[in-house]
Amino acid sequence: MLYPSFKASKLRRSYQPVLCAIGLGLLAFACGGGDEQGGGVNKDGAGGSGNTSGNGSGKGGTATIPIGGTNGSGNGGGSGTNGTAGSSGTGTCGSNLEGRIRDFSVDHPDFEYELGDDRGIVEDMLGADGKPVYAHGNQGTSTTTNADNFNQWYNDVEGVNRAMALTLPFTSIGGGVFSYENANFFPIDGQLLGNEGNEHNFHFTFELHTTFTYSGGETFRFRGDDDVFAYINGHLVIDLGGVHTAEDASVDLDAQANELGITIGGEYHLDFFFAERHTVQSNFRIDTSIVFKDCGSGGEPA
Ligand SMILES: [Ca+2]
Ligand SMILES: [Ca+2]
């Protein structure tokens, strides 16, 4: 597994007033902000204790990167008198996961086509290339046209789409769950193919690939529009295919461990695919207690 080098622009955890400190190791970060949880990625660091009163800074935690990193330490944010213990370090990428967004024109046959739920667009197993496999050849489905057009959704195709990296900053919402929520998920307004006369740049796809160690008890939930296909260990676990208003689906890894072929302690891939195919709304929310081991593979299959 390659670890992308850290980019300062990824640090967007503005909810944490005094943010973490840059670790001694170039790759390591330690978050010691009050009782704030550490990030969802590489959450293996030990927390430090706040020791400063008033507005001072507490002593940060120590992060240990599971693979390929070094220990980091620094000054985290304490709060009030005797800041509470810092929590887990956040590893190489904080709580950020990087995927790839592809912009399409409204002219693409699968965008602004038919509306409605459309389950079973893709096969139950991820393709050998790490992409969803269209299950209907040239037949089409109620909201898609054919395999050739679908295969453009999650691949760079000259003259059809334009792509760039997109980082999702997750935040802790308690209970060991990390969340990215955006009820106006329009990350490429005015970019790539542009807004095409709309208020926002609609009509795009997003994919994310990462790995995690299954430790038991994890859940993964998505709520939004339009299509979502999520795979764990290559098995389709969320199918929200179709062009619809915000819908909700979740997976309990323990409940499906047998059929997914996962066992506690094993390392597995999570592959996530989204499509925004119809104007007016773009909702996107992921809640998960999965602790990721990388920064998102740069949007390409791991
Ligand atoms: Ca577009
Ligand atoms: Ca939409």
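Guide: Welcome! Two residues are in contact here if their C-beta atoms, placed from the backbone, lie within 7 Å. The model is a predicted one.

Visitor: With that in mind, which residues is Ala 230 in contact with, leaving aside its neighbours within four places in sequence?
Guide: Ala 230 is among the residues with the most contacts inside the largest nonpolar core. Once neighbours within four places in sequence are left aside, the contacts of Ala 230 are Phe 220, Phe 222, Val 237, Ile 238 and Phe 272.

Visitor: Which strand gives the most to that core?
Guide: The largest nonpolar core holds 48 residues, and Phe 212, Val 228 and Phe 274 are among those with the most contacts inside it. At least two core residues come from each of β5, β7, β10, β11, β12 (228-232), β13, β16 and β17 (284-288). With six residues, the strand giving the most is β16.

Visitor: What is the strand order in the open sheet of six strands?
Guide: The pairing in this sheet is antiparallel, and the order is β7-β5-β10-β16-β12-β13. Its edge strands, each pairing on one side only, are β7 (161-169) and β13 (235-239). On average, and with direction ignored, neighbouring strands are turned by 20 degrees against each other. So, to repeat the order you asked for, read it as β7-β5-β10-β16-β12-β13.

Visitor: Why is strand β10 largely enclosed by the rest of the structure?
Guide: A residue is buried if 20 or more other C-beta atoms lie within 10 Å of its own. Strand β10 covers residues 204-213, and it is largely enclosed because the number of its ten residues that are buried is eight.

Visitor: How many bridges pair β10 with strand β16?
Guide: On one side, β10 pairs with strand β5 (residues 96-104) over four bridges, in the antiparallel sense, and Arg 100 has Glu 207 as its bridge partner there. With β16 (residues 267-276) the pairing is antiparallel too, and Thr 210 stands opposite Leu 270. The number of bridges between β10 and β16 is ten.

Visitor: Which residue in β15 is the bridge partner of Phe 220?
Guide: Another open sheet has five strands, in the order β8-β9-β17-β11-β15. Its edge strands are β8 (171-172) and β15 (247-252). Strand β11 (residues 219-224) runs antiparallel to β15, and six bridges join them. In β15, Phe 220 is partnered by Val 251.

Visitor: Where is the cis peptide bond?
Guide: Look at the loop between β11 and β12, where Asp 226 is found. With omega near 0 degrees, the cis bond runs from Asp 225 to Asp 226.

Visitor: Is Leu 192 buried, exposed or partly exposed?
Guide: Leu 192 lies in the loop between β9 (178-182) and β10, and has a positive phi of about 55 degrees although it is not a glycine. A residue needs 20 or more C-beta neighbours within 10 Å to be buried, and 12 or fewer make it exposed. Leu 192 has 17 other C-beta atoms within 10 Å, so it is partly exposed.

Visitor: Over which residues is the pLDDT below 50?
Guide: The protein chain averages a pLDDT of 77, and 70% of the residues score at least 70. The stretch with pLDDT below 50 has 245 contacts in the model beyond near neighbours in sequence, and it covers residues 1-90.

Methods: Residues numbered from 1 in each chain as written. Chains lettered and ligands numbered in written order. Predicted model: local features only at pLDDT ≥ 70, side-chain atom pairs only at ≥ 80, totals over all residues. Pairing = 2+ DSSP bridges. Axes fitted to C-alpha atoms, helices over the stretch in contact; angles between N-to-C directions. Core = buried A, V, L, I, M, F, W, Y, C linked by C-beta atoms within 7 Å. pLDDT = per-residue confidence, 0-100.
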